[in-house]
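Here is a short tour for anyone meeting this structure for the first time. Have a look at the sequence and the 3D view, then read on.

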Amino acid sequence: MELPVLNKYELMWIFVFFDLPVVEKRERKDATKFRNLLLDNGFNMVQYSIYTRLFSGKDACKKYYRLIQDNLPKEGKVDILTVTDAQYSNIISFNARKKISRPASFILNFCKKKYIQRNLYLYIIKSYIECIITD
């Protein structure tokens with residue numbers, strides 16, 4: 001099977017934002033269970049209540065929309081945002097008031113952040129294969 005070459009407009013990022021109550025013991029347990037569900041399904045923590053994952057296209061995201069919906073905690077707010085890699089590459093980030101420069105494609109920065117020692121093309125193929133296997 002020949003794999004298509006994916007570009008920054010076909011690669012999709014899902015962001016899951018949530019604000020869950022954690023006052024009661026049961027609420028903390030539910031919040032932890034939800035975070036672990038995201039981590040167990042390949043999402044990476046951006047901030048404590050923001051998780052993201054790279055997909056090979058919008059169709060590959062649909063399974064995870066349903067997974068998240070089926071496992072929502074009883075209380076709290078959960079949002080899902082899907083953007084292309086091209087859109088995500090326009091992010092402007094600051095760390096300690098210093099602007100963080102971004103490469104043309106955000107996936108390259110993602111690879112560096114995860115210390116992936118492969119060239120970009122091989123990483124895209126790997127992510128595509130993972131999406132096929134897990135979907």
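A contact here means heavy atoms within 4.5 Å. With that in hand, take I68, which lies in helix α2 (residues 58–70); helices (H or I, at least four residues) and strands (E, at least two) are DSSP runs, numbered from the N terminus. Leaving aside residues up to four places away in sequence, I68 touches V16, F34, L38, F43, V78 and I80. One of these, V78, is 10 residues from I68 in sequence and 9.1 Å from it in space, C-alpha to C-alpha.

Is I68 buried or exposed? Buried means under 20% relative accessible area, exposed over 50%, and partly exposed in between (1.4 Å probe, protein chains only). I68 has 1% relative accessibility, so it counts as buried.

What you're looking at is a predicted model, with residues numbered from 1 along each chain as its sequence is written. Local features need pLDDT of at least 70 and side-chain atom pairs count only at pLDDT 80 or more, while totals for chains, interfaces and linings use all residues, and side-chain values use heavy atoms, with hydrogens and water left out.

That pLDDT is the predictor's confidence in each residue, from 0 to 100. The chain has a mean of 79, and 67% of its residues reach 70 or more. Confidence is highest in helix α1 (residues 25–40), at a mean of 97, and lowest in helix α4 (residues 106–113), at 51. Over residues 112–120 pLDDT stays under 50, and for that stretch the model has 7 contacts beyond four places in sequence.

## The overall layout

How many helices and strands does the chain have? There are 5 helices and 6 strands, and along the sequence they follow the pattern β-α-β-β-α-β-α-β-β-α-α. Among contacts with a separation of 6 or more, 65% are between residues 24 or more positions apart.

Of the chain's 135 residues, 36% are buried. The accessible surface comes to about 9000 Å² (Shrake-Rupley method with a 1.4 Å probe; for residues, only the protein chains shown count as cover). Carbon and sulfur atoms account for 54% of that surface.

## Strand β3 and its partners

Two strands pair if DSSP finds at least two bridges between them. Strand β3 (residues 50–55) runs antiparallel to strand β2 (residues 44–47), with 3 bridges joining them. A hairpin links β2 to β3 through 2 residues, and Q47 has I50 as its bridge partner in β3. β1 also pairs with β3 in the antiparallel sense, over 6 bridges, and I14 stands opposite R53 in β3.

In a regular strand the side chains alternate between the two faces of the sheet. In β3 both faces are covered: I50, T52 and L54 are buried on one side, and Y51, R53 and F55 on the other. R53 also has its charged end over the ring of Y64, 4.6 Å from the ring's centre. A charge sits over a ring if NZ of Lys or CZ of Arg is within 6 Å of the ring centre and within 35 degrees of the ring normal.

## A cluster of rings

Rings of Phe, Tyr and Trp (its six-membered ring) pair if their centres lie within 6.5 Å; planes under 30 degrees apart count as stacked, over 60 as edge-to-face and the rest as tilted. The whole structure has 8 aromatic pairs. In one of them, the rings of F15 and F17 have centres 5.9 Å apart and planes at 15°, so the pair is stacked. F15 is buried at 9% relative accessibility, whereas F17 is partly exposed at 27%.

Why is the pair of F15 and Y88 edge-to-face? Their ring planes are at 80°, with the centres 4.8 Å apart, so that is the label they get. F15 lies in strand β1 (residues 12–19) and Y88 in helix α3 (residues 85–88), so the pair ties together parts 73 residues apart in sequence. Y88 is buried, as is F15. Together, W13, F15, F17 and Y88 form one aromatic cluster.

R97 has a positive phi of about 70° although it is not a glycine. With a relative accessible area of 83%, R97 is exposed.
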